[in-house]
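Student: I am new to this structure and would like a close look at one part of it. Please take the pockets and go through them slowly.

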Amino acid sequence: MNFPGGIGGGVGGGGGIGGGVPGIPGAGGTRAGPAAPGFDPNDPNVKWLTNAMESCYAKTAMSGVAGFALGGLFGMFMASMAYDTPFHTPGAPGGVSGVPGSAAATTVSSLPLRKQLAHGFKDMGARSWSTAKNFGAVGALFSGIECGIEGLRAKNDMANGVAAGCLTGAILARNGGPQAAAVGCAGFAAFSAAIDAWMRMPKDED
């Protein structure tokens, strides 16, 4: 049915709904605009970058850097918590109090403010550097071993993390003998299993 004066000659007419509204820009037709630019997954450069980031070398390096940064922050925090001790300041004259023939202990709080700050920053830097190196070594070692095991098994499950944790703990405690290596293996394996199980838990979608 065609009513006189209708819009576009009616719904079934030549104008139709898809004909748009005269005078309103962008309201005419149903043509889609150009596709948004993005990364082509078939691009050789994108493939090379993806493969490089998923390689064991890249994972080991990134875990080492992340562990180094986390260890530095943790060492800085621990150094700030253990700023003053009842023993003598390292490098300063004085012995241990209560020991016959030993001079009185020189605590940090008894030093001038400038020396207190210098000692505090020096101790903080030394602890941060030491902790950062340890955390970085553990992170890189664990990530590299786990990636190698995953590549050999061609599987991604909890067994990779448990085995990597066991080997990492055994390597770190190797200087303490076989018993220490076994304890380190068991401890790191249990810790890795707990973290991996927590990471693989289904997330609540509330």
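Student: What volume does the largest pocket have?

Tutor: The largest pocket has a volume of about 380 Å³. Before the details, a word on the source: this is a predicted model, in which local features need pLDDT of at least 70 and side-chain atom pairs count only at pLDDT 80 or more, while totals for chains, interfaces and linings use all residues. Residues are numbered from 1 along each chain as its sequence is written, and side-chain values use heavy atoms, with hydrogens and water left out.

Rolling a probe the size of a water molecule over the atoms shows where empty space is left. Here a 1 Å grid is laid over the protein atoms alone, and a pocket is an open set of points where a 1.4 Å probe fits, with protein on both sides within 12 Å along at least five of seven lines; lining residues have an atom within 4 Å of a point. Grid points are joined across faces, edges and corners, and a volume is the space filled by probe spheres set on the points.

The setting is a protein with five helices and zero strands. Helices (H or I, at least four residues) and strands (E, at least two) are DSSP runs, numbered from the N terminus.

The largest pocket is lined by 13 residues. Nearest its centre lie Phe142, Glu146, Phe191, Ser192 and Ile195. Helix 3 (113-153) and helix 5 (178-199) each supply at least two residues of this lining, and the largest share, six residues, comes from helix 5. The lining also draws at least three residues from each of domain 1 (44-83 + 108-143) and domain 2 (157-205); these bounds come from an automatic or database domain assignment. By type, the lining residues of the largest pocket divide into six nonpolar, five polar and two charged. In this count Ala, Val, Leu, Ile, Met, Phe, Trp, Tyr, Cys and Pro are nonpolar, Asp, Glu, Lys and Arg are charged, and the others, Gly among them, are polar.

The second largest pocket holds about 150 Å³ of space. Its lining consists of Ser63, Ala66, Gly67, Leu70, Phe135, Val138 and Gly139. Four of the lining residues of the second largest pocket are nonpolar, three are polar and none is charged.

A search of the whole structure finds two aromatic pairs; rings of Phe, Tyr and Trp (its six-membered ring) pair if their centres lie within 6.5 Å, and planes under 30 degrees apart count as stacked, over 60 as edge-to-face and the rest as tilted. The ring centres of Phe68 and Trp129 are 5.6 Å apart and the planes stand at 80°, so this pair is edge-to-face. Phe68 is in helix 2 and Trp129 in helix 3, 61 residues apart, and the pair thus links distant parts of the chain. Phe68 is partly exposed, with a relative accessible area of 34%; buried means under 20%, exposed over 50%, and partly exposed in between (1.4 Å probe, protein chains only).

Thr131 lies in helix 3 and is buried, at 16% relative accessible area. Leaving aside neighbours within four places in sequence, Thr131 is in contact (heavy atoms within 4.5 Å) with Gly71, Phe74 and Gly75.
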